[in-house]
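Colleague: I have just opened this one and would like to understand the words you use for it. Could you walk me through them?

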Amino acid sequence: MTKIPSVVTGADIVQWMMKNLAIEDPAEAMHIGSLIAAQGYFFPISDHVLSLKDDSTFYRFQAPYFWPSNCWEPENTDYAIYLCKRTMQNKTRLELADYEAENLARLQRAFARKWEFIFMQAEAQVKIDRKKDKTERKILDSQERAFWDVHRPVPGCVNTTEMDIRKCRRIKNPHRSVYGLVEEGTQSHSPIHTPSHRCRKGTKEDVEKEILFLNTQLDRHCMKMSKVAESLISYTEQYMEYDPFVTPPEPSNPWTSDDCTFWDLEASKEPSQQRVKKWGFSLEEALKDPAGQELFLKFLESEFSSENLRFWLAVQDMKRRPLHEVAERAQEIWAEFLAEGAPSSINLDSHSYERTSQNLKDPGRYSYEDAQDHIYKLMKSDSYTRFLRSNAYQDLLMARKKPETEQGRRTSLEKFTRSVKTSVLAKLPFF
Amino acid sequence: MCDQTFMAITFGPCDNCSTTSPLMNIYIKNEPTNYCSFCVEMMACQGLLKGETLASLKNESESLKKKLEEERAKLHDVELHQVAEKIEVVSALSIKTRRVLKGHGNKVLCMDWCKDKRRLVSSSQDGKVIVWDGFTLNKEHAVPMPCTWVMACAYAPSGCAIACGGLDNKCSVYPLSLDKNENLAAKKKSVAMHTNYLSGCTFTNSDMQILTSSGDGTCALWDVESGQLLQSFHGHTADVLSLDLAPSETGNTFVSGGCDKKANVWDMRSGQNVQSFETHESDINCCRLYDLRADREVAVYQKDSIIFGVSSLDFSLSGRLLFGGYNDYTINIWDVLKGNRVSMLFGHENRVSTVKVSPDGTSVCSASWDNTLRVSRALGMPWLLVLYSLT
């Protein structure tokens, strides 16, 4: 048993954490423990470094008064009083560290006019402390020091009291002194402490809107969980082989090997079988890949329906333009695809056609939404399924493509011999 | 794959006032109608004329909420992790930090990947925005901002510009020049103007539109060229802290998370709030997964030993893994389907502010208050992509 009051060993803390937070790995317990120490909820009794060691080092728990959850933002006057107090007591354990001595010197310069007040406060506190029980004083001193280690950390240590500025702006923190001082002068408020943005109280309009919203949600058709689960599973299973965190990419992950071949292959115009396979997942995947889009367009051309895809792409492009270009582009698209006698006339049902022509009276980015949606659904249900069954796609998918050069040579040789034959034979008198 | 079950958006004459505009599909006494946003506002005010008190309206709202909860619960026939028991465990990941990007003088608050999968932009409390080639560790551009706490930054899809903002309440776009000597700050273009800090920004699938979220409780869509406000999104009752676009190129929605403990899904075209997910005060330090088609929470990712909040999240490419950046300086990696933690990443010396997976999923970048960014990789669902976390 130790004579030191109110302490616990680092090892004990680690054990407790592993047991109560269901942690298997002591390293994880050490990590969390160190963070809790860094926040200042417990501290080593013998030095300023707020971390956790898994051994017989002694730690003490912080008093609830000093907990960070109280959202202290202690002023420098409090800190000055504290450092001043330390210098007044003749105890080696209270000797100032170098950085503390520097801080004190800086504060003395900054508070030169207030120093008498600060000195008096420090003196008063020392007097009160002397009346306390020795052991109690030791404990309180260590807790007070740990508090300042958190709020005025040792240089190089992480300042865990740093707050995200977005949080700062939301929290209204009254500046109050740790030592309960009420100063005559006004507290200096930092410019970032603007009044917090409280949630707006619900007005009648808000509630009416909410009711409208809820009614709409009630009428929504939703999927059963079991179906959702199956869908999520099949999606992830389908894409797992394309996920570099699950399936290592071929030939290698560029970040691992420092070799960009994988990226070059993905961008090449000669797609791998794996890439081609992805085009079969959905029309969107096929269109996402420039090579896929090109092949699909060629296929549509062979079926004399390429105007559908060209229309869809044109509208996508229009939506990506700056606002001032939109109206003009919209008219151009109308002329090309929808007007009477248009060169690339697309087939829309009369309802969509009417609507679209109405929209064009005041053309905007979404004038063609209906039409685009209609055409996309058409391509998806009709042309796309045929595309996937087409020779062009299947050949690529099965890598049945004969080596281009060999075939090329053969046909051109054939052509040549044929042409030679014809010309030679033509010269012979009796043919 | 399933189509999204959002309200179908129509564009045309309003059923009430006949002006042509994006229409909200709403139900009035169970009848579907299409009203423009102005008429919706007017109708909401009409409730006042009927002499209904605030109290009676609130009662109606509460009973609707209860009814909605009951209806949704009826479809909750099984838990995700139960169904996921039949699939294989994700093999134990060995993830290593491959790059540490040093150069910021203070906390790194945000980062974003370029579509080329290797470049990235980061912004810091020190007011600087740096564009890096993550692969070579080369700092390609450094832009000084007039304010500190640059909380948001984004890379344009073309790779030719970046956007950033923070305490200046604005979002500015900087075209990136190939000429190293050119002063980027001079070419700055102010696009978005909010009445409080900018918490998030992202380009849509074009260099010409930017979506922003702000401490003023709103989100907004802007035309970059003219700086014109294209659409604003009202509904949050407190600061909006983050936003994310739906991953589909045909999609028109995004989700925003706010301090009012709500995650709202919005239609970018009409400004309408199409779905909303709420969480409770007592639920801290965990991540929740919501499915948009089921319109409810389907999984929670938490552990007794995780006692610090999450600041940022991202999915791996297949959606099987979830990377969470925590205030305890670590990154926890979760199995999205089974619900257990797969791995933990140490290395940062202060809290992690942003976590983002690269566009092709080959690595994950984490930005931290320790002034560095780390790029890590492993040796080995758009309709579910609403994610909520509390700090």
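**How the terms apply**

Modeller: Gladly: B:K65 and A:E210 form a salt bridge, with their closest N and O atoms 3.3 Å apart. This is a predicted model, where local features need pLDDT of at least 70, side-chain atom pairs count only at pLDDT 80 or more, and totals for chains, interfaces and linings use all residues. Residues are numbered from 1 along each chain as written, chains are lettered from A in the order written, and side-chain values use heavy atoms, without hydrogens and water.

Colleague: Why is the pair B:K65 and A:E210 called a salt bridge?

Modeller: The term asks for a side-chain nitrogen of Lys or Arg within 4 Å of a carboxyl oxygen of Asp or Glu. At 3.3 Å, B:K65 and A:E210 qualify. Between chain A and chain B the count is 7 salt bridges. Helix α8 (residues 204-218) of chain A gives the largest share of the side that touches chain B, 14 residues.

Colleague: How many residues of each chain are in contact?

Modeller: With contact meaning heavy atoms within 4.5 Å, 92 residues of chain A meet 129 of chain B.

Colleague: How do you know that the span of helix α2 of chain A agrees with its number of residues?

Modeller: Helices are DSSP runs of H or I, at least four residues, numbered from the N terminus. The expected span is 1.5 Å times one less than the number of residues. For the 14 residues 26-39 that gives 20 Å, and the end C-alpha atoms are 20 Å apart, so the two agree. Just after α2(A), A:G40 has a positive phi of about 100 degrees.

Key
Helix = DSSP H or I, 4+ residues; strand = E, 2+ residues; numbered from the N terminus.
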